[in-house]
Structures are given as C-alpha cells and as structure tokens.
Amino acid sequence: MSGTLNKVMLIGHLGDEVKMHYFEGGGCIGRFPLATNETYTNKQTGERVTNTDWHNIVVRNKAAEICEKYLSKGDKVYVEGRLKNRQWQGEDGNTRYTTEVHVQDFTFLTTKQESMENSSGQSSQPQPMQHDERTPAKSPAPLSQDEDDDLPF
C-alpha cells in the first residue's frame with residue numbers, strides 16, 4: 001500500500017465556548033478545546049483513575065458558524081478530521097508548536113434540553129426525558145371515505 005492516511009475521530013466535551021475569528025474575504029474560523037477521557041482501574045490500589053486529554057479543534061466557514069450557534073461549554077460532540085501541525089512566533093520571540101484537529105465532519109451528541117441545562121448552570125446529572133420528546137410524532141388521522149374518492153389511484 002503506497003497511500004497514507006491522516007484521520008482523527010473524537011467524541012468528547014467542549015472545554016470552552018467556540019472562539020470565532022473573521023477574515024476580510026468573508027471566511028471565518030472557529031476554535032475550541034475538546035476533552036476526551038480514559039478511565040481504568042489501577043490493579044494495585046483498586047482505585048478508578050480518569051485521564052483527560054485535551055485536543056485543539058478547528059472548524060471553518062459555515063461549519064464554524066453552526067458550531068458557534070449551537071455548541072456550548074460542556075456539550076458532547078463527535079468530530080472527524082485531520083491532524084495538522086502549526087508553528088508560530090510567540091510574544092517572547094520563541095517558536096511555538098501546536099497540533100490541531102481540522103474538522104471535516106461533526107455531529108452534536110448533546111440534546112437541546114441537556115445543552116440548556118448546562119448553560120443555565122444546573123446539575124449535569126442526567127435528567128429523565130419528557131414523555132413527548134421520546135415518543136415519535138403521531139401519524140396523521142386516517143382519511144375518511146369521502147377524501148378517498150378524489151385520489152387518482
């Protein structure tokens with residue numbers, strides 16, 4: 001196989017709000033940190049250990065505007081994209097490096113109700129869903145005999 005692959009898939013929680021930057025040409029870029037967790041049991045102590053990794057997420061143009069509008073700190077999201085390395089000069093003159101995930105696809109995993117609870121400062125404990133949110137929409141009432149007569153088939 002002579003090809004290469006650069007693909008990242010992450011499911012995690014936003015560590016902050018989406019920060020937007022707009023360019024003169026009309027484009028924009030959104031950035032936010034994403035936390036992923038690994039939990040395991042320490043075999044010697046029997047203690048549960050959670051390690052959190054932070055990822056720098058970058059979204060562009062319309063996708064960035066959608067993320068800014070609908071995502072909030074704490075929301076759960078699936079992102080898929082490519083790893084990109086970047087370097088720049090810091091204010092102190094030193095060269096800085098960072099690795100970013102440039103998003104190609106994403107899916108919001110937090111429900112609207114959960115997102116509203118996160119933004120209002122309520123507990124992040126799972127809340128039971130309202131009955132009308134879990135049940136599918138009811139199908140329309142069956143047609144009466146009179147309405148059937150006008151159908152062409």
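The protein chain has an accessible surface of about 12,000 Å², and 49% of that belongs to carbon and sulfur atoms (Shrake-Rupley method, 1.4 Å probe; for residues, only the protein chains shown count as cover). This is a predicted model, where local features need pLDDT of at least 70, side-chain atom pairs count only at pLDDT 80 or more, and totals for chains, interfaces and linings use all residues. Residues are numbered from 1 along each chain as its sequence is written, and side-chain values use heavy atoms, leaving out hydrogens and water.

Of the 153 residues in the protein chain, 24% are buried (under 20% relative accessible area; exposed is over 50%, partly exposed in between, with a 1.4 Å probe and protein chains only). The chain holds four helices and six strands, in the order β-β-β-β-α-β-β-α-α-α from the N terminus. Helices (H or I, at least four residues) and strands (E, at least two) are DSSP runs, numbered from the N terminus.

| Partner of E3 | Bridges |
|---|---|
| E1 (residues 8–14) | two bridges |
| E2 (residues 19–22) | four bridges |
| E4 (residues 48–60) | 13 bridges |

E2 and E3 form a hairpin with five residues between them, and Gly26 in its turn has a positive phi of about 100°. E3 and E4 form a hairpin with six residues between them, with Gly46 in the turn at a positive phi of about 75°.

Finally, Lys84 lies in strand E5 (residues 76–89) and is partly exposed, at a relative accessible area of 39%.

Definitions and conventions: Pairing = 2+ DSSP bridges.
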